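Please look over the sequence and the structure before reading on.

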Amino acid sequence: MRPLTARELMTPDVVTVPPETPVMAIAQLLADRGISAVPVLGADGRLRGIVTEADLIRRLAGGHGEMGLLRQLFTDMDQLANRYAAAHGATAAEIMTVELVTVTPETPAGTIAELLEEKKIRRVVVVEEGRLCGVVSRADLLRALVAPPLERGDYSDERLRRAVQAAIKREPWAETFFTLIEVKDGVVELHGFSRSAAVQRGLKVLVSEIPGVKDVVDKTQPMPSYLFAA
């Protein structure tokens, strides 16, 4: 089954603000709309940055505290200046996050999930030719996960059996020699022996993902010790 892309996952009707929007107006907007971030668009319609709840909290906390001489010597002064502007700025342009994690409309859902996990962020911005298309958040990914599956179509039982065999052969952990497959009316039955409960669980998930499979019935049994030793 073709993986979902950012175009299908994203929220396209995104609330945006111009760079000169006051910080307090942004805070009120987030509260009123029940959202956690707003992209910042320039007069040309191009994406300039994004203001998140974290940016506003940083602004609220301020930049109090002096820095010792030793720390100053080993700290990037440009980074400190940017932090100060973000903590004390009065407009979207001054507090927004500009180092954005962006994806294209065709980026697969799996890649987006990896980015969210790797970067420890809650959303990615979908951009095409510098222009905002939408936003994909963790909530969007979760909605896609629990959404009803798309219609998979009708496939002959023999075609499904061959597809299941091919899928099992592609996975090094799956048992091809000891697993027998029967298909009737789109329902796949797994017979034979399995090395472990983990393999049984993996097989059921693997087979259930094949387009056309209506159900998976696991009738495999624990592998006898004499076969395991072999």
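What share of the contacts in the protein with a separation of 6 or more is accounted for by residues 24 or more positions apart?

## Overall picture

The model described here is a predicted one. Residues 24 or more positions apart account for 60% of the contacts with a separation of 6 or more, and the secondary structure comes to 11 helices and nine strands. The protein has 230 residues, of which 34% count as buried, and it exposes about 14700 Å², with carbon and sulfur atoms supplying 55% of that area.

## The segment before H1

Thr-5 is found in the segment that precedes helix H1, which covers residues 6-9. With a relative accessible area of 11%, Thr-5 is buried, since the cut-off for a buried residue is under 20%. Once its neighbours within four places in sequence are left aside, Thr-5 is in contact with Pro-105, Glu-106, Thr-107, Pro-108 and Ala-109.

## The E4-E5 hairpin

Strand E4, residues 123-128, and strand E5, residues 131-137, pair in the antiparallel sense over six bridges, and within this pairing Val-124 stands opposite Val-136 in E5. The two strands form a hairpin with two residues between them, and in the turn Glu-129 has a positive phi of about 55°.

## The largest nonpolar core

The largest nonpolar core has 16 residues, and those that touch the most other members are Val-164, Ile-168, Ile-181, Val-188, Leu-190, Val-207 and Val-213. At least two residues of this core come from each of helix H9 (157-170), strand E6 (179-184), strand E7 (187-194) and helix H10 (197-208).

Helix H10 has 12 residues and reaches 17 Å from its first C-alpha to its last, which is close to the 16 Å expected at 1.5 Å a residue. Its buried residues are Val-199, Gly-202, Leu-203, Leu-206 and Val-207. Seen down the axis of H10, these buried residues fall within an arc of 125°, and so they line one face of the helix.

What covers the buried residues of H10 includes H9, E6, E7 and strand E8, residues 215-218, whereas on the other side of H10 Ala-197 and Arg-201 are exposed.

Methods. Residues are numbered from 1 along each chain as its sequence is written. This is a predicted model: local features need pLDDT of at least 70, side-chain atom pairs count only at pLDDT 80 or more; totals for chains, interfaces and linings use all residues. Side-chain values use heavy atoms; hydrogens and water are left out. Two strands pair if DSSP finds at least two bridges between them. Helices (H or I, at least four residues) and strands (E, at least two) are DSSP runs, numbered from the N terminus. A nonpolar core is a set of buried Ala, Val, Leu, Ile, Met, Phe, Trp, Tyr and Cys residues joined through side-chain atoms within 4.5 Å. Buried means under 20% relative accessible area, exposed over 50%, partly exposed in between (1.4 Å probe, protein chains only). The expected span of a helix is 1.5 Å times one less than its number of residues. The arc is that of the directions from the helix axis to the C-beta atoms. Contact means heavy atoms within 4.5 Å. Accessible areas come from the Shrake-Rupley method with a 1.4 Å probe; for residues, only the protein chains shown count as cover.
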